[in-house]
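I opened this model to look up a handful of local features and write down what I found. The entries follow in the order I made them.

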Amino acid sequence: MLSALKRAVKNPYTFSLISKFFGVLVGFLFTIFQARFLGAEIKGQVATVNSIVSVTAIVFALGIYQAYPYYKRNSNEDILPIFMKIAVFLLAIYGVAAAAIILLVDLSIKYIAVMILTPLLVYDGIVSYITLVEEPNKRNATDMLVMLGELILVVVLWLVSEPSFLIGIFIITAKDITKAGIFTFWWRKRIFVHSESIWKWLPKLIRFGFFPMLSLLMATLNYRVDVIMLNGQVPDSAIGIYSVGVTVAERVWMIPDAMKGIMVSHLAKGKDANETALVIRLCNTGCLGLVLAIAAVGQPFITWVFSAEYQGAYQITLILLLGVFSMIYYKAIANYNIAMGKQVVSFFLLTASVISNIIANCLLIPVWGIYGAGVASVISYALCGLLFMVFFRRTTHIPYSELLFIKRADIEKARKLLGRSKANMGG
């Protein structure tokens, strides 16, 4: 038992799965205490800032960090100092630009927070990815500890202080600032190592990262654009309620998020598209059970756990659950496309989905408010899932009937799939 545990901790794949499930659990507990502490209005304000920054941080990182694995593998030079210098350079440039805009332009407090946080999140994104490539276990262990610290922080603040917007912003950024500080400390000496000029590297890194950045941006917008577009059209308290409904509904995606990594590993080792079809069937079946459970107990659960202030989130959860299965197809097939070198196709399919999301939000939010945003997300998710499923069917010729729910023959396949994963990860 002890030796098996040691092997699991040492293996980056197994430890990544452990850290993912730990992150989901602790993250959900954090959301509960954050929502109860801040209240719906401040929770909505913080959710708006968080959604905007998740987009701006991707755009201004320029996709640079996604080039790190490629150049580490194919460059004769030690590229870690180059990437760290670029990270520090971007932090300085964006920090100065943000300070100038804040001083010269009359901004609301939400957008001041966005200006301050964007450079910090760009920097954290780069150094965190470097650390993930260089020391995956140490990065994942640090993530777990910092997330636990974040949970303890919000519980302590809940007990000893009064909620405010500034405290809410501090809560959601403390984790990223802490991680960035730790990783910078680990690589501090490498920043000053002599290397080629960053001006030589920046253009080719930006070119390399352009399409991966756009794909990540489209995926993020598909999840975040609703909250961004609700800003200014509904009260902040309504956005807070909506964000809780989204959080509960997205718990269903624990299953595909956990299985897609195993699937990609098997595809890289020679498995074909039938492996992806199997994963889709398994995820659909497992998620069906979670959807039914959430629908059955969601109302009392939300009221009891998040407080009565958020009871309206249950209706949002029910609406979003209608789109859950569609996104299983996206999550599985998009990763299949990456393994097959077809990520550009995924970008265009995602772009169509995001455009539909924006149009639907423009039409439905003025009529139905947060419920309109929920319906718009379902429409976008349905289109996204349909596009990926049709593309997958046409390129693999796997029948649509093979992309539904688990069959009797799949039970033995699932047992072998999980057994093979354990063998791969333990060896």
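**Entry 1: two loop residues**

I began at His397, which lies in the loop between helix 15 and helix 16 (408–426). Helices here (H or I, at least four residues) and strands (E, at least two) are DSSP runs, numbered from the N terminus. I read a positive phi of about 65° for His397, although it is not a glycine. Most residues other than glycine have a negative phi. His397 is exposed, with a relative accessible area of 58%. For such labels I used these cut-offs: buried is under 20% relative accessible area, exposed is over 50%, and partly exposed is in between (1.4 Å probe, protein chains only).

I then turned to Ser307, a residue other than glycine whose phi is positive, near 100°. Ser307 sits in the loop between helix 11 (273–306) and helix 12 (313–321). Is Ser307 buried or exposed? Ser307 is buried, at a relative accessible area of 17%.

**Entry 2: what kind of model this is**

I noted that the model is predicted, that local features need pLDDT of at least 70 and side-chain atom pairs pLDDT 80 or more, while totals for chains, interfaces and linings use all residues. Residues are numbered from 1 along each chain as its sequence is written, and side-chain values use heavy atoms, with hydrogens and water left out.

pLDDT is the predictor's confidence in each residue, from 0 to 100. The mean pLDDT of the protein is 85, and 89% of its residues reach 70 or more. Confidence is lowest in helix 1 (residues 2–10), with a mean of 53, and highest in helix 15 (residues 370–396), at 95. Over residues 421–427 the pLDDT falls below 50, and this stretch has 12 contacts in the model beyond near neighbours in sequence. A contact means heavy atoms within 4.5 Å.

**Entry 3: the whole chain**

I found 16 helices and zero strands in the protein. Of the 427 residues, 51% are buried. Among contacts between residues at least 6 apart in sequence, 84% join residues at least 24 apart.

**Entry 4: salt bridges**

I looked for salt bridges (a side-chain nitrogen of Lys or Arg within 4 Å of a carboxyl oxygen of Asp or Glu). How many salt bridges does this rule give? The count comes to five, and I wrote up some of them.

Lys72 and Glu134 meet through their side chains in a salt bridge, 3.0 Å from N to O. Lys72 lies in helix 3 (residues 68–74) and Glu134 in helix 5 (residues 109–134), so this pair ties together parts that are 62 residues apart in sequence. Lys72 is partly exposed at 40% relative accessible area, and Glu134 is partly exposed at 23%.

Lys110 forms a salt bridge with Asp236, with the closest N and O atoms 2.9 Å apart. This pair links distant parts of the chain, Lys110 being in helix 5 and Asp236 in helix 9 (residues 236–249), 126 residues apart. Both Lys110 and Asp236 are buried.

Lys179 and Asp143 also meet in a salt bridge, at 3.4 Å from N to O. Lys179 lies in helix 7 (residues 165–191) and Asp143 in helix 6 (residues 136–160), so the pair ties together parts 36 residues apart in sequence. Lys179 and Asp143 are both buried.

I checked Ile255, found in helix 10 (residues 254–268). Ile255 is partly exposed, with a relative accessible area of 24%. Which residues does Ile255 contact, leaving aside its neighbours within four places in sequence? They are Cys283, Gly286, Cys287 and Leu290. Ile255 and Leu290 are 35 residues apart in sequence, and their C-alpha atoms are 9.5 Å apart in space.

Gly289 has its place in helix 11 and is partly exposed, at 41% relative accessible area. From Gly289 to Val252 I noted 9.3 Å, C-alpha to C-alpha, across 37 residues of sequence.
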